[in-house]
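Subject: Structure for you to look over

Dear colleague,

I am handing over the structure that I promised, with my notes on it following below. Please read them with the model open beside you.

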Amino acid sequence: MSAILLIPAVAGCGSDGDDEPKNVSAKTAALGTITPGVIKVAVQPYAPYTSVQGDRIVGLDGDILAHAAKKLGLEVKPQVTDFAGMLAGVQSRRVDITIGGVAWSADRQKQGLFTDPPYYSPPAMAVRSGKTYKTVDDLKGLQLGTVEGYVWVKSIQAVPDAKLHAYPDANGVFDDLGAGRVDVGFLDPLIIIAAQKERPDLKIDTQYMTPPTAAQVKAKPAYEYFQPYQTGFYLPKKATKLEKAISAQIDAMYENGELERLVKKYGGDPEQFLKPSADVATARRGVDRPQDWTPPSIAQ
């Protein structure tokens, strides 16, 4: 996914020429956005996670942020860029936040702030209908596809006797999968689910991989990308009040069922998207969360 592309950060996030909205409450102004009452959001076109229609961000991440922003009295102002520009815009504080499946990492948190995870991205596979693959061992010797630059490239290269097929975009993966030139495609789950609906002629299914064991990852570190990863909304280092406020809204959405509703809206399985794996807490405790932090989750 764009969230985990192996590309360097570069500039590219537009200007700050928005007028301050009228009647901004003191509570909203205290959130410390660049323009009081406005939250400037860097996004890339990546439906069904983020896309811009008029002046609105739509998609799963867009809907989650819109819900939180409304509760906080903030007007959402999108700025369209690419993934590198999203990160750079936050790290240089030309925008207040970036969204769109951005994966939490220890390195990224050194240069910015992450909210609590709005969802967890499970390892998903696009497969030809009638075929079933569950574990890494099932992938041995297969033709495996993904997009150039995605971290799944490294994972695929670590699978014994598998052949990597890397494409400029997801359409290439789906085309070759439908034609039988690829056995399995690794892409973000909602992308696969959307393609199933929009291109029934491909005859593909979405399957969730059983993540590799700790021993398997220790033996082959590249297998870590076959595990679920936690996403987050990404903010500038100094935006502590805004991060805490949005995290609180995200946590409330786990509790009140709003996140479950939105994940289902886009075809996702809440059991896969809204329950953290064990390593989520250990990754962040003592790094950018307290030692007693518990990741948000729907009812177990």
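The lining of the largest cavity is made up of five nonpolar residues and two polar ones, with no charged residue among them. The residues concerned are Ser121, Pro122, Pro123, Trp152, Tyr225, Gln227 and Tyr229, and the space they surround comes to about 30 Å³. A search of the whole structure finds one cavity of 30 Å³ or more. Please keep in mind throughout that this is a predicted model, and that the values here are computed from it.

The second largest pocket holds about 460 Å³ of space. Its lining consists of 20 residues, and those that lie nearest the centre of the pocket are Ala47, Pro48, Ile191, Ala194 and Glu198. Two elements, helix H6 (170–178) and helix H7 (189–198), each give two or more residues to this lining, and H7 gives the most, with seven residues.

If residues up to four places away in sequence are not counted, Ile246 touches Ile39, Leu65, Leu72, Ile97, Thr115, Phe233 and Leu235.

Strand E1 (residues 38–43) is mostly covered, with six of its six residues buried. On one side these are Val38, Lys40 and Ala42, and on the other Ile39, Val41 and Val43, so that both faces of E1 are covered. E1 pairs with strand E4 (residues 75–80) in the parallel sense over six bridges, and within that pairing Lys40 has Lys77 as its bridge partner in E4. E1 also runs parallel to strand E5 (residues 97–98), to which two bridges join it, and there Ala42 stands opposite Thr98.

Helix H3 (residues 83–91) is likewise mostly covered, since eight of its nine residues are buried. The buried residues of H3 are Phe83, Ala84, Gly85, Met86, Leu87, Ala88, Gly89 and Val90, and they pack against E1, E5, helix H4 (106–111) and strand E14 (234–235). Just after H3, Arg93 takes a positive phi of about 55 degrees.

Leaving aside its neighbours within four places in sequence, Lys163 is in contact with Leu142, Gln143 and Leu144. The C-alpha atoms of Lys163 and Leu139, which are 24 residues apart along the chain, are separated by 10.0 Å.

With best wishes

Conventions. Residues are numbered from 1 along each chain as its sequence is written. This is a predicted model: local features need pLDDT of at least 70, side-chain atom pairs count only at pLDDT 80 or more; totals for chains, interfaces and linings use all residues. Side-chain values use heavy atoms; hydrogens and water are left out. Contact means heavy atoms within 4.5 Å. On a 1 Å grid over the protein atoms alone, a cavity is a set of points where a 1.4 Å probe fits but cannot get out, and a pocket is an open set with protein on both sides within 12 Å along at least five of seven lines; lining residues have an atom within 4 Å of a point. Grid points are joined across faces, edges and corners, and a volume is the space filled by probe spheres set on the points. Helices (H or I, at least four residues) and strands (E, at least two) are DSSP runs, numbered from the N terminus. Buried means under 20% relative accessible area, exposed over 50%, partly exposed in between (1.4 Å probe, protein chains only). Two strands pair if DSSP finds at least two bridges between them. Ala, Val, Leu, Ile, Met, Phe, Trp, Tyr, Cys and Pro count as nonpolar, Asp, Glu, Lys and Arg as charged, and the others, Gly among them, as polar.
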